[in-house]
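Have a look at it first, then read on.

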Amino acid sequence: MTIFSDKKRFVQLFCGISVVTLMACSSLVTVAAAIAGASAPTEIKVQATTEAPAPKKVVLDVNGNQKTMLFSGETVEELLRVSNIMVNDNQIVLPGRAEMVTPYMVVTVRDAKAVELTDGGKTRTVMLACGTVEDALKLAGIALGSEDKLSVDRSAQVEAIDSLTIRRAE
């Protein structure tokens with residue numbers, strides 16, 4: 001009895017033997033069908049088995065809590081489901097839920113927070129999850145003139161602010 005130290009070689013050898021055996025059986029079935037007077041030879045199809053995809057190492061970051069894990073699925077949606085992460089409308093998922101998971105990918109889930117945005121004396125609440133103040137202004141469709149002033153720096157992270165005031169130049 002031979003003990004195979006290389007698992008892949010064992011599988012290749014085993015599969016090779018199985019295919020040869022099935023081919024021999026197929027020939028016997030064809031001969032038996034001919035003897036029995038069957039009009040058409042019986043066809044046996046051999047289907048190769050495929051190995052499950054190798055798990056990918058990914059990082060799941062939910063509101064700053066990071067967890068490194070192995071994931072064998074395909075999409076971000078599947079990753080969230082198997083991780084028991086239920087995403088609502090006040091959260092953002094990056095990359096998107098339909099994206100394919102790749103090795104070493106970081107999937108980020110952030111809760112949106114209310115930021116009070118005052119522009120020209122009018123205040124409204126904008127829900128923001130991440131990015132910079134500049135990103136938030138673009139998302140809100142707000143264009144600034146060259147002389148307009150912000151109460152915070154444009155490069156400030158929205159996670160660090162609760163309100164934003166725009167002072168328009170006159």
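Strand β1 is mostly covered, with five of its seven residues buried. Buried here means under 20% relative accessible area, exposed means over 50%, and partly exposed is in between, using a 1.4 Å probe and protein chains only. Bear in mind that this is a predicted model: local features need pLDDT of at least 70, side-chain atom pairs count only at pLDDT 80 or more, and totals for chains, interfaces and linings use all residues. Residues are numbered from 1 along each chain as its sequence is written, and side-chain values use heavy atoms, with hydrogens and water left out.

**Overall make-up**

- The protein chain comes to three helices and eight strands; helices (H or I, at least four residues) and strands (E, at least two) are DSSP runs, numbered from the N terminus.
- Reading from the N terminus, the elements go α-β-β-α-β-β-β-β-α-β-β.
- Of the 170 residues in the protein chain, 24% are buried.
- Take the contacts in the protein chain with a separation of 6 or more: residues 24 or more positions apart account for 39% of them, where contact means heavy atoms within 4.5 Å.

**The sheet around β1**

- Four strands form an open sheet in the order β2-β1-β4-β3, and the pairing is mixed; two strands pair if DSSP finds at least two bridges between them.
- β2 (65-71) and β3 (91-94) sit at the edges with a single partner strand each, so one side of each has no neighbour in the sheet.
- On average, neighbouring strands of this sheet are turned by 15 degrees against each other, direction ignored; the axes are lines fitted to C-alpha atoms, for helices over the stretch in contact, and angles run from 0 to 180 degrees between N-to-C directions.
- On one side, β1 (residues 56-62) runs parallel to β4 (residues 106-111), and four bridges join the pair.
- Two bridge partners in β4 are Val-107 for Leu-60 and Thr-108 for Asp-61.
- With β2, β1 pairs in the antiparallel sense over seven bridges, and Lys-57 has Leu-70 as its bridge partner there.
- In a regular strand the side chains alternate between the two faces of the sheet.

**Thr-108 up close**

- Thr-108 belongs to strand β4 and counts as buried, at 17% relative accessibility.
- Setting aside neighbours within four places in sequence, Thr-108 is in contact with Asp-61, Ile-92, Val-93 and Leu-94.

- Asn-63 isn't a glycine, yet its phi is positive at about 50 degrees.
- The loop between β1 and β2 is where Asn-63 lies, and the hairpin of these strands has two residues between them.
- Asn-63 is partly exposed, with a relative accessible area of 35%.
- Asn-84 is another non-glycine with a positive phi, this one about 60 degrees.
- You'll find Asn-84 in the loop between α2 (76-82) and β3, and it counts as exposed at 67% relative accessibility.
- The peptide bond from Leu-94 to Pro-95 is cis, with omega near -10 degrees, and Pro-95 is in the loop between β3 and β4.

**The cavity**

- Rolling a probe the size of a water molecule over the atoms shows where empty space is left.
- How many cavities of 30 Å³ or more does a search of the whole structure find? The search finds one.
- A cavity is a set of points, on a 1 Å grid over the protein atoms alone, where a 1.4 Å probe fits but cannot get out, and lining residues have an atom within 4 Å of a point.
- The largest cavity has a volume of about 70 Å³; grid points are joined across faces, edges and corners, and a volume is the space filled by probe spheres set on the points.
- Its lining includes Val-115, Leu-128, Val-133, Ala-140 and Ile-161.
- β5 (113-119), β6 (122-128) and α3 (133-139) are the elements that give two or more residues to this lining, and the largest share, three residues, comes from α3.
- By class, the lining has eleven nonpolar, no polar and no charged residues; Ala, Val, Leu, Ile, Met, Phe, Trp, Tyr, Cys and Pro count as nonpolar, Asp, Glu, Lys and Arg as charged, and the others, Gly among them, as polar.

Definitions and conventions: 1 Å grid on protein atoms, 1.4 Å probe; cavity = no way out; pocket = protein on both sides within 12 Å on 5 of 7 lines; lining within 4 Å.
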